[in-house]
Amino acid sequence: MADISDSAARAARDLRVVFSRLRRRIREVAQDADLSPSQESALTLVGKHGAATASALAAAEGVRPQSMATTLAALDQHGLIRRAPDPDDGRRQLVTLTDGGRARIAGNRQVREEWLARAFQDRYTEEERQTVLAALELMERLSRQ
């Protein structure tokens, strides 16, 4: 990394650490006591993918199909997902969210956004919030590369 400045290396390291902590904290805010972190993650994944097979979800989540099957069974017991035959291949089942699953995801998203907005309101001045917004514009540019 001889051609990378100290400030660039520090920014990369510090940004990764801060984002990891913030992501963990945001997840904790809306953590449902009756769902494990892997179940929460799978529920969100089903919401993002729409109708998908268990094996496709397992691949997207980076877990074994057996692990995903166990996780989906728990979500099914909570009434958060439904399974239906794949119209293209009757041997497979497609997993989708129930109305309850969609409501839970929307509620969690709202709780997280409200927590974050309240934290910005209570812990930062207007000038600091404007600085964060300017930094986010730079991060958005980085994310498009």
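Okay, let's start in the middle: the largest nonpolar core has 16 residues, and the ones touching the most other members are L43, L57, L72, L75 and I81. As for who supplies it, α2 (37-49), α3, α4 and β2 (89-97) each put in at least two residues. The top contributor is α2, which gives 4 residues. Before I go on, keep in mind that this is a predicted model.

Let me stay with L57 for a moment. If we skip its neighbours within four places in sequence, L57 is in contact with L45, V46, H49 and A52, and also with M68, L72 and V95.

Two packed helices are described by the angle between their axes and the distance between the axes. For helix α3, residues 54-61, and helix α4, residues 65-77, the angle is about 110 degrees and the axes are 9 Å apart. So α3 is roughly perpendicular to α4.

Now the second pair, α2 with helix α5, residues 99-123. Here the axes come within 10 Å and cross at roughly 105 degrees. That makes α2 roughly perpendicular to α5. From α2, the residues making the contact are E40, L43, T44 and G47, and from α5 they are G101, R104, I105 and N108. You'll remember L43 from the list of core residues that touch the most other members. And how does the contact of α2 with α5 divide by class? You get 2 nonpolar, 4 polar and 2 charged residues.

Is D86 buried or exposed? Its relative accessible area is 6%, so with the cut-off for buried at under 20%, D86 counts as buried. And who does D86 touch, once we leave aside neighbours within four places in sequence? That would be R92, Q93 and L94. With R92 there's a polar contact too: the side chains of D86 and R92 are joined at 2.7 Å.

That's my tour. Happy to go back to any of those spots on the screen.

Technical notes: Residues are numbered from 1 along each chain as its sequence is written. This is a predicted model: local features need pLDDT of at least 70, side-chain atom pairs count only at pLDDT 80 or more; totals for chains, interfaces and linings use all residues. Side-chain values use heavy atoms; hydrogens and water are left out. Axes are lines fitted to C-alpha atoms, for helices over the stretch in contact, and angles run from 0 to 180 degrees between N-to-C directions. Angles under 35 degrees count as roughly parallel, over 145 as roughly antiparallel, 65 to 115 as roughly perpendicular and the rest as oblique. Buried means under 20% relative accessible area, exposed over 50%, partly exposed in between (1.4 Å probe, protein chains only). A polar contact is a pair of N or O atoms within 3.5 Å; within protein, one must be able to donate a hydrogen and the other to accept it, and residues adjacent in sequence count only if both atoms are side-chain atoms. Contact means heavy atoms within 4.5 Å. A nonpolar core is a set of buried Ala, Val, Leu, Ile, Met, Phe, Trp, Tyr and Cys residues joined through side-chain atoms within 4.5 Å. Ala, Val, Leu, Ile, Met, Phe, Trp, Tyr, Cys and Pro count as nonpolar, Asp, Glu, Lys and Arg as charged, and the others, Gly among them, as polar.
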